[in-house]
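Student: I have not worked with this structure before, and I would like to learn how to read its features one at a time. Could we go through it slowly together?

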Amino acid sequence: MTLLPTTRPPKKLGLVIDLDVCVGCHACVISCKEWNTGGYGAALSDQDPYGADVTGTFLNRIHTFEIVPEGGEIVGEAGDARIVHFPKSCLHCDDAPCVTVCPTGASYKREEDGIVLVDEDKCIGCGLCAWSCAYGAREMDLAAGVMKKCTLCVDRIYNETLAEVDRVPSCVRTCPANARHYGDLADPSSNVSILVAERGGFDLMPEQGTRPVNKYLPPRPRDRLADKAMPLAENSDGAKGFFAWLDGVLDRI
Amino acid sequence: MHPAPSIILFSTLSGLGYGLAVMLGLGLLDPALVSTKTAHLLALVLITGGLLASTLHLGNPQRAWRALSQWRSSWLSREGVMAVATFVPLLASAWASLFHDMRLPLVGLLGAVMCAVTVYCTAMIYASLRAIQAWNTPLTPACYLLFSLAGGLVLVAMFATLGGSLSGWIALAGVSALTAAWTAKWAWWRRLRTMAPISTPASATGLGGIGAVRLFERPHVNENYLTREMGYKVARKHAAKLSLLATAAGGILPSLVLLAATISGTGIAIIFCTLAFAGFALGSLIERWLFFAQARHAVMNYYGG
Ligand code: SF4
Ligand code: SF4
Ligand code: SF4
């Protein structure tokens, strides 16, 4: 059924990704692929896996951006320019165009928690849903001929055979930097909602009208390199507190 | 967007077929003539060939019937339903002409309307996608409909000539439709050239407030499904040349030879009308190729394209 739920889902499960913290290690990419190639639906195939032209299906990818403020300089030199690692997977949009364009009813958004899924037994592999997604969150598996996307690890988060600590998406469980947070964004008192409120979490491409559930936390303002420069050893001007005292004592000796 | 040959063929062939079927349904040709019977068959072949071509790119074509189920929300599903339903009046009209030398006016009219609706649904598959800003405009269905009608009139002119009489007003209608179609297309191209992108790397990352955002590294070194499917780019200068070529072959040439055909003897007129059709077919193929090749997908904001 490719109509979106008419009632607001009571829960909006999703991710909050902290762009201040992500170090771009790709651990979440690999753990996602590992879990999902043996989990929900068809395996995530690779083409030419040991050749030079290897490509494959991934549900989570890390992009890296360079951001140069006005008057700033290029990254790698002095100045305020910075690198931001940018993890991206399905945002489980409230107004998901990928759901409504699907001709077969394979794409759907769950009434109970808002997760957007593909029923692979119905998918004809037309690819239209991938075209409709501005975020590039859907990739056709070339071996199975069906559309793959992030399931928010629906086979983990409700899985009572797993220890409670593991009942979160694989990427969240794996991230060594704690850049990925999972929870209910419809509940204002949830961990993720609080993070969004405190850190000014934002939507990607709000102008696309998709109303994503997943939110991103902005990088914190960066210290200016010039402000952090250590005073040179020969020069003790401007020393304060203990160092000023020490400076004075040493001068007197 | 990647210009997949199967989709380009589908939309061009079925557009021509539906256009021809509209004109047959409106009764522009004498149903008893062999040429008209051939025209009915050609329309059906073009439409069926187009639909078959469109299933070539499916990952699981054996389940294609499921695509008829979601007409309440999906333009692709609506197109499928309309395409199947439209076969009923078209087959009835073809049957009446082929075996009874007659035309069924009401069935013909119904078929004509349903053909137009089917072409509109095809166009809306593209026009409804916000992520592809170039397509997301009412000019897209306008172009698809006008190209289909123009193609139908060019084909009808050819079959009228084959049947022995090309009336001046069919040629005139053809020239008007060609003019309208290419005018709409130039408006579409103009919009494409002048529009400001609604999504940018800044809005895609939400980091525009810090400074100028630009891709530093893609997620993986090699291509992936998204960059293959949506990362196609055609150089601007080639696009400009190709659009001129398409207009010359598909608009100006057919218009001139159609007019010339009305004042020449049957033998020459047949050559002229065939030339008009060949030019129009070539021009439409180039136009459809550009439709894909020139369209930029919002996801390219994440891939530096
Ligand atoms: S991110 Fe893309 S695939 Fe996911 S719900 Fe939104 S539109 Fe659909
Ligand atoms: S690829 Fe599958 S899920 Fe996507 S629109 Fe086509 S049928 Fe639906
Ligand atoms: S595992 Fe965490 S730190 Fe590493 S790329 Fe993924 S989100 Fe970033």
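Predicted model: local features only at pLDDT ≥ 70, side-chain atom pairs only at ≥ 80, totals over all residues.

Student: Which strands are joined to strand 1 of chain A by bridges, and in what sense do they run?

Tutor: Strand 10 of chain A, residues 180–184, runs antiparallel to strand 1 and is joined to it by five bridges, while strand 11 of chain A, residues 215–217, runs parallel to strand 1 and is joined to it by three bridges. You can follow both pairings from Ile17(A), whose bridge partner in strand 10 is Arg180(A) and which stands opposite Tyr216(A) in strand 11.

Student: Where can I see a hairpin in chain A?

Tutor: Look at strand 8 (residues 138–141) and strand 9 (residues 146–149) of chain A, which pair in the antiparallel sense over four bridges. The two strands form a hairpin with four residues between them, and in the turn Gly145(A) has a positive phi of about 70 degrees. Within this pairing, Glu139(A) stands opposite Lys148(A) of strand 9.

Student: How should I read a nonpolar core, and which residues have the most contacts inside the largest one?

Tutor: In soluble globular proteins, nonpolar side chains tend to be buried together. Here the largest nonpolar core has 135 residues, and those with the most contacts inside it are Trp131(A), Trp135(B), Phe292(B) and Tyr302(B). The largest share of this core, twelve residues, comes from helix 5 of chain B, residues 139–162. Apart from this core lies another of seven residues, among them Val16(A), Leu185(A), Val196(A) and Leu217(A).

Student: What area do chain A and chain B bury between them?

Tutor: The size of an interface is often given as the accessible area lost when the parts come together. Chain A and chain B bury about 4,800 Å² between them, with 60% of it on carbon and sulfur atoms. In chain A, the residues that lose the most area to chain B are Phe65(A), Ile124(A) and Trp131(A), together 17% of what that side buries. Trp131(A) touches several residues of chain B, including Met1(B), Tyr126(B), Trp135(B) and Phe292(B).

Student: Finally, which residues surround the ligands?

Tutor: Around ligand 3 there are 13 residues, the closest being Cys22(A), Cys25(A), His26(A), Cys28(A) and Cys175(A). The residues that surround ligand 2 include Cys102(A), Cys123(A), Ile124(A), Cys126(A) and Cys129(A), and by class the shell around ligand 2 has eight nonpolar, four polar and no charged residues.

Methods:
Residues numbered from 1 in each chain as written. Chains lettered and ligands numbered in written order. Heavy atoms only, no water. Near = heavy atom within 4 Å. Nonpolar A, V, L, I, M, F, W, Y, C, P; charged D, E, K, R; others polar. Core = buried A, V, L, I, M, F, W, Y, C linked by side-chain atoms within 4.5 Å. Buried < 20%, exposed > 50% of the residue type's maximum accessible area, 1.4 Å probe, protein only. Contact = heavy atoms within 4.5 Å. Pairing = 2+ DSSP bridges. Buried area = accessible area lost by both parts, 1.4 Å probe. Lists of a residue's contacts leave out its neighbours within four places in sequence.
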